[in-house]
Amino acid sequence: MSYRNGNYCAFYVAEPFQEGNLDAHGAKDFVYYNMLRMWEGKDDTFPFIDSHDKTYNVRDGSDWEKTLKPRLHQRLRHSKNIVLFLSSQTKSSRALAEEIDYGINDRGLPVIIIYPDYDTAQSLLENNNLKQSIKDLWEKLPVLRDSMSSVPTLHVPLNKDLITRALNDEGFTVNGKVDSGAYRYTS
C-alpha cells in the first residue's frame, strides 16, 4: 500500500485546463489552490502536502481515459484527504466530478471543504448550523451532494488559521477519520 500523506486539492477550472495559460491563473478556484501552495512555500509550519506534486504534470489536451483520469486516480491513492474549494464561481466539470466521485466513493477520503466567499467560522453558520447558502453551494457539485454523507466533511472558510487547524486535524484523514457527517468549527 502506498504512503498516503498528501492533501489532494480539487477545484474548478474551465476545460481544457493548462496551468501555463493565463486564463487558468485567473480562475478564482485555481487562485485559491495557488494560495495554499504559497502559504506552504513561505511557512514551513503550514501543514499542506500537495498531492499534485507527487506525479508528473500532464496537459488537459492529453487523452482523458489513457492519461488524465489515471493520473487523477494515482494522486488520490497517495492522498489522506481531499481539500475542495467550493465558491460561487465553482461549476461541475468532468475532472472535478471524477475527483470527488473516485476520492469519496472509491477511496473513502474525508473532505475538507473551503469556502472562499467566507472568512470566519461564524460566517458559515446560522443558529450554530451551516447556513442554507452553504448548503446551496453543494448543489453545484451533485456528486459531492450525493456522496458526502458517506465520509466526514469539514466545512471551513478561507482563513489561514482555520485551514491550518483543519489540515492538522487527524479526524479528517483516511487513517484517522471520524464518523461520516458534516463538521464545522464554531470559532
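## A walk through a parallel sheet

Buried here means under 20% relative accessible area, while exposed means over 50% and partly exposed lies in between (1.4 Å probe, protein chains only). Because 5 of the 5 residues of β3 are buried, the strand is largely enclosed by the rest of the structure.

Before going on, a word about what you are looking at. This is a predicted model, in which local features need pLDDT of at least 70 and side-chain atom pairs count only at pLDDT 80 or more, while totals for chains, interfaces and linings use all residues. Residues are numbered from 1 along each chain as its sequence is written, and side-chain values use heavy atoms, leaving out hydrogens and water.

Now the whole chain. Its secondary structure comes to 7 helices and 7 strands, and from the N terminus on the order is β-α-α-α-β-α-β-β-β-α-α-β-α-β. Helices (H or I, at least four residues) and strands (E, at least two) are DSSP runs, numbered from the N terminus. Of the 187 residues in the chain, 50% are buried. Among contacts with a separation of 6 or more, 73% link residues 24 or more positions apart; contact means heavy atoms within 4.5 Å.

Two strands count as paired if DSSP finds at least two bridges between them.

You can follow the pairing strand by strand. β2 and β3 run parallel and are joined by 4 bridges; Phe85 has Ile114 in β3 as its bridge partner. On to the next pair: 5 bridges join β3 to β6, also parallel, and here Val111 stands opposite Thr153 in β6. Finally, strand β6 (residues 152–157) and strand β7 (residues 181–184) run parallel with 4 bridges. In this last pair, Pro152 stands opposite Gly181 and Leu154 opposite Tyr183.

Next, look at the helices that link these strands. β2, α4 and β3 make a right-handed β-α-β unit, whereas β6, helix α7 (residues 160–168) and β7 make a left-handed one. A crossover is right-handed if, with the strands pointing away from the viewer, the path from the first strand over the helix to the second runs clockwise.

Which residues of α7 are buried? They are Leu162, Ile163, Thr164, Ala166 and Leu167, and their cover includes β1, α2 (28–42), β2, β3 and β6. An α-helix has 3.6 residues a turn, so residues three or four places apart point the same way. Leu158 sits in the loop between β6 and α7. Leu158 and Asp117 are 41 residues apart in sequence, yet 7.3 Å apart in space, C-alpha to C-alpha.

His155, in strand β6, is buried with a relative accessible area of 1%. Polar contacts join its side chain to those of Tyr115 at 2.7 Å and Thr153 at 2.9 Å. A polar contact is a pair of N or O atoms within 3.5 Å; within protein, one must be able to donate a hydrogen and the other to accept it, and residues adjacent in sequence count only if both atoms are side-chain atoms. Asn81, in strand β2, is also buried, with a relative accessible area of 0%. The side chain of Asn81 makes a polar contact of 3.0 Å with the side chain of Asn7.
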